[in-house]
Each structure stands twice: as C-alpha cells, then as structure tokens.
Amino acid sequence: MSVFQIREANPNDVEGMARVRVDTWRTAYQGIVPADFLEGLSYQRVSEHWRKTFWEDRTPGVAVFVAEEEQGDIVGIAICGPEQSQDPLYHGEIYVLYVLPRCQNQGIGRELVAACVRHLVQQLKVDSLLVWVIAENPYRRFYEALGGKVVREKVKEIGGRQIAEAGYGWKKLHDLAHLASSDKRVSPC
Ligand SMILES: CC(C)(COP(=O)(O)OP(=O)(O)OC[C@H]1O[C@@H](n2cnc3c(N)ncnc32)[C@H](O)[C@@H]1OP(=O)(O)O)[C@@H](O)C(=O)NCCC(=O)NCCS
C-alpha cells in the first residue's frame, strides 16, 4: 500500500501547498536566491495569491496536483498547463514542482510529473513540455533523470538579483507516459 496519494487539489489544500512552496524554497534556494527574499516569504501571502490565481481566476487548462500523506498532510505540489510564452516548439509547461525536503528522493516528484503529463496529453492534447529551473539549482538533475534536455535559457529577476534559468524540454511527452508506478513507493517520509 502506498503511503501517499497524488490527487487534484481543492481550495482547502491551499495553506498546505503554501507551506510546501515556502519551506522548499528556503531549503533548496539558500545561497542562490537572496537571503532576505527567502526570509520574507510568507505562508499567508502565498496562500492568498494561489487561492486567487487557481480558484478564483484560474486560466483554462491549468491543473493543480498535490501529494498527500496518509495523515492528510500535503508534502508535494505540481501546477501545469499551457506553455506561457507562446514557445513555437513546446506547448505544455510545468510551472511549479516542489516536494518537502523530508519527503524528497522517494519518487513523489516523479509521480507528480506523471500526473501533469497525463493532464497535458489527455486533457490539453499537447505532446511537448517545457520546465524552467534556476540554472544553479542542483535539483535540475531531476529533470535530466527524466530525459529532459536544456533547450531554452533566460534570466529572471528574483529578490533584486538577476538569476539565470534553464528550460528543459521534451518534444515527445509520450516518452514520459511510463512514469507513474505507485506500487514502487511504500516507505513513509
Ligand atoms: C526536484 C524535486 C521536485 C524532485 O522530487 P523528488 O520526489 O525528490 O524526486 P524523485 O524521488 O521522484 O526522483 C526521480 C528521479 O530523479 C532523480 N533525482 C531527484 N533529485 C535529484 C538530484 N538532486 N540530483 C540527481 N538526481 C535526482 C532520482 O534519483 C530519481 O531517479 P531514478 O528514479 O532513476 O532513481 C524535489 O527534490 C524538490 O522539490 N527539490 C527542491 C525544489 C526544486 O528544485 N524544485 C524544482 C524546481 S522547478
């Protein structure tokens, strides 16, 4: 029996989602994103922003998934939908993907990507994917483990610092369709 489930999020999840986002940023982006920016992150502001963005004014085609532990805690999130910059080659995008530090490396990220791939292929009928990641972020190897290649580059301002980002692309999303295999994951985080 699996100890977590991946499911579509609902508005009651938004505080748990904000905790995952803020706690993961503070751990993963230390030394990359300015410290005062990380300190200034607020569960409440992220909750309010996401409640508005994903439940009051949601863009058509956007899907929000959470990974939930048996006890009901949200430990991972993924948000995906149409690619946002009208890229000529890549038509789906994962905008957000975070797994709480204590739950990483147990297959949850992979399962969340699988849920996004199913949404993009089955609901949006797109067959390509772009994901942006901070270039200095060592976790970018996760996308390489899933077969992604760097196909785009850009610079984004975060907390007053110019930060390079790498865009990982998959031209054939069907290549990722094999990802979900929840029977593999049995250990608690
Ligand atoms: C990146 C992240 C979402 C991955 O989720 P996860 O649950 O830890 O990853 P999984 O356990 O599903 O790993 C899937 C595969 O990626 C590999 N992988 C995961 N993290 C890795 C890393 N830092 N370096 C190299 N490989 C990595 C795993 O070994 C695994 O490969 P395998 O199945 O061949 O063994 C998660 O670690 C995270 O939230 N990191 C911090 C925030 C972040 O960087 N988010 C992405 C920014 S866009």
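1. The model is predicted, with local features requiring pLDDT of at least 70 and side-chain atom pairs counted only at pLDDT 80 or more, whereas totals for chains, interfaces and linings use all residues. Residues are numbered from 1 along each chain as its sequence is written.

2. Seven strands form an open sheet in the order β1-β2-β3-β4-β5-β7-β6, with mixed pairing; strands here are DSSP E runs of at least two residues and helices are H or I runs of at least four, numbered from the N terminus, and two strands pair if DSSP finds at least two bridges between them. Because β1 (4–8) and β6 (149–158) stand at the edges with a single partner strand each, one side of each is left without a neighbour in the sheet.

3. Strands β5 (residues 129–134) and β7 (residues 161–170) pair in the antiparallel sense over six bridges, and I134 has E165 in β7 as its bridge partner.

4. Around the ligand stand 19 residues, the closest being Q104, G109, R110, Y139 and R141; a residue is near a molecule if its C-beta atom, placed from the backbone, lies within 6 Å of it. The elements giving two or more residues to this shell are α1 (14–28), β4 (92–99), α4 (108–123) and α5 (141–145).
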